[in-house]
Amino acid sequence: MVKKKPNRGSPAWLHKELQRQTFRLIESELRMYHQTKAQLERLREDIIQSADYSNDIPRVDGGGSSSDPTANKTVKLMTSAEILELTRRIGAIESAIEETRARDPHRLELIRLKYWEPGLSDTAIWMRLNVDRDTFYRWRREFVWLVAEKLGWDAGQRREPKRKRASSC
């Protein structure tokens, strides 16, 4: 029996496309992980080293703005949308790294070679890790979807294990 491809625009096709785009986005985040960490640190440092933010932060009692530069910088650090989002992304990746390390540290070598040391082909990576092609792609897929899970994204990536059909007599 030949499997039919879903029609472009159908719910099944859209679901599959969402999965594909989500996967690519997370891989992009993985490639940019170290740059994102550096960017976050720069943003934090810019706020800490900056001039007083007293004109930006309203006082809680409604009496104008706060005159405490340390408090103003703390509020800015804790409420910056950009800092919060970068922290969330980095946290999801680091949480996935820790979970993978506890489960099977050998898999982290794949992540390091694939995303943080560019230049090796997938074939070269799986040969260096001494795993077969299917294992390489499964480990990669499982790590990417683990990051998605840590981000709180549900793109329907978890597959139910295939079950044997009961034979009808």
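Me: Which helices do the buried residues of helix 5 pack against?
Reply: This is a predicted model. Helix 5 spans residues 106–116. Its buried residues are Arg-107, Leu-108, Leu-110, Ile-111, Leu-113 and Tyr-115. They pack against helix 1, helix 4, helix 6 and helix 7.

Me: How many aromatic pairs does a search of the whole structure find?
Reply: Rings pair if their centres lie within 6.5 Å. With that cut-off, the search of the whole structure gives a total of 5.

Me: What geometry does the pair of Phe-23 and Trp-145 have, stacked, tilted or edge-to-face?
Reply: The ring centres are 5.4 Å apart. The planes meet at 65°. Planes over 60 degrees apart count as edge-to-face. The pair is therefore edge-to-face.

Me: How many residues apart are Phe-23 and Trp-145?
Reply: Phe-23 sits in helix 1, residues 11–31. Trp-145 sits in helix 7, residues 133–151. The pair links distant parts of the chain, and the separation is 122 residues.

Me: Is Trp-145 buried or exposed?
Reply: Buried means under 20% relative accessible area. Trp-145 has 8% relative accessibility, so Trp-145 counts as buried.

Me: Which class does Tyr-137 fall into, buried, partly exposed or exposed?
Reply: Tyr-137 pairs edge-to-face with Phe-136, with centres 4.8 Å apart and planes at 85°. Phe-136 is buried, at 0% relative accessible area. Buried needs under 20%, and exposed needs over 50%. Tyr-137 has 25%, so the class is partly exposed.

Me: Which residues do ring pairs link into a cluster?
Reply: Phe-136 and Tyr-137 form an edge-to-face pair. Ring pairs also bring in Trp-126. The cluster is Trp-126, Phe-136 and Tyr-137.

Notes:
Residues are numbered from 1 along each chain as its sequence is written. This is a predicted model: local features need pLDDT of at least 70, side-chain atom pairs count only at pLDDT 80 or more; totals for chains, interfaces and linings use all residues. Side-chain values use heavy atoms; hydrogens and water are left out. Rings of Phe, Tyr and Trp (its six-membered ring) pair if their centres lie within 6.5 Å; planes under 30 degrees apart count as stacked, over 60 as edge-to-face and the rest as tilted. Helices (H or I, at least four residues) and strands (E, at least two) are DSSP runs, numbered from the N terminus. Buried means under 20% relative accessible area, exposed over 50%, partly exposed in between (1.4 Å probe, protein chains only). Contact means heavy atoms within 4.5 Å.
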